[in-house]
Amino acid sequence: MTKPILEVKDLAKYFGGVKALDGVTLEVPERGVIGLIGPNGSGKTTLFNVVTGFYVPTRGEVWYAGERIDGLNPNEVFLKGLVRTFQIPRLFPSLTVLENVLLTPPRQVGERVLTAPFRSKWEEQEKELARKAVALLRKFGLGEYVRARVSELSAAHMKMIETIRGLITDARVYLLDEPAAGVAYTTARELFTFIRRLRDEEGLTFFIIEHRLEVLMDFVDYVYVLHNGRLLSEGKPDEVMSDPKVIEAYIGR
Ligand SMILES: Nc1ncnc2c1ncn2[C@@H]1O[C@H](COP(=O)(O)OP(=O)(O)OP(=O)(O)O)[C@@H](O)[C@H]1O
Ligand SMILES: [Mg+2]
């Protein structure tokens, strides 16, 4: 594997007596498409929450691009280029696709009090962002939906929009929480093909929680398996899928 862009060292998160994470060490290589699997309640979403600053860890460290980031708040983590999506897409259904994609970009000139009076400057920047957004939507086959309301889109398209929305912020690493949940098999494969394209063409890195193993395993380079807050197994998809410990954890419950 190439050098890690994201590293988690001995990470723990307790909720009272519940050890949601209990000493997890793993790394995500730059330009990797890495899976994170495990039975319900194994600590996957908690790991994403700690890595992206939504929870303060009980113990352990998180490193991103050579910098220690545990202790930063979610906005600070986001501004560093580490973006997450949620189990349920957080979009504004009544706004258009373009409006949704344009809502998040940080560091917009117009947001700064001092530069706000220089209207022409932020107008120019907004136009530039809109151009970038439309270009990205077209590139990934969503050009016809630019002015459609998000409420009119399929679930798969909503998930693609949420991902593109991160892309416009110049994020480098994406943590996707169940991108294919509730999506038909073929659409799920389209979504993962789209993710692979983003890696190949834009050099992005993906760390993906997914229960749809039959889809996930065809698209990831490497997989980590959590069980009861600990790392149960790791390896290439076929190695992990034939690991008796993994089979046991999934069916032996
Ligand atoms: N905010 C919280 N307060 C208390 N307990 C929590 C909290 N968040 C998670 N937990 C507990 O931590 C454990 C891990 O939960 P988590 O949501 O990380 O699992 P998961 O692997 O994402 O599961 P799923 O596949 O069902 O999404 C569970 O026992 C859960 O009940
Ligand atoms: Mg979860």
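**Around ligand 1**

Of the 15 residues around ligand 1, the nearest are Asn40, Gly41, Lys44, Thr46 and His211. Keep in mind that this is a predicted model.

Start with the polar contacts. Asn40 uses its side chain: one of its polar atoms lies 2.8 Å from an oxygen atom of ligand 1. Ser42 takes part through its backbone. There, an N or O atom lies 3.2 Å from an oxygen atom of the ligand.

How much of ligand 1 does the protein bury? Taken alone, the ligand exposes 640 Å². The protein buries 64% of that area.

Now look at where the shell comes from. Two elements each give two or more residues to it: strand S2, residues 18-29, and helix H1, residues 44-51. H1 supplies the largest share, with three residues. Next, sort the shell by class. Eight of its residues are polar, five are nonpolar and two are charged.

Turn now to another residue, Arg199. Find it in helix H6, which spans residues 185-202. Is Arg199 buried or exposed? Its relative accessible area is 11%. Buried means under 20%, so Arg199 counts as buried. Which residues does Arg199 touch, leaving aside those up to four places away in sequence? Arg31, Gly32 and Val33 are among them. Leu204, Phe206 and Asp221 complete the list.

Terms used
Residues numbered from 1 in each chain as written. Chains lettered and ligands numbered in written order. Predicted model: local features only at pLDDT ≥ 70, side-chain atom pairs only at ≥ 80, totals over all residues. Heavy atoms only, no water. Near = heavy atom within 4 Å. Polar contact = N/O pair within 3.5 Å; in protein donor to acceptor, adjacent residues only side chain to side chain. Areas by Shrake-Rupley, 256 points an atom, 1.4 Å probe, with all protein chains shown as cover. Helix = DSSP H or I, 4+ residues; strand = E, 2+ residues; numbered from the N terminus. Nonpolar A, V, L, I, M, F, W, Y, C, P; charged D, E, K, R; others polar. Buried < 20%, exposed > 50% of the residue type's maximum accessible area, 1.4 Å probe, protein only. Contact = heavy atoms within 4.5 Å.
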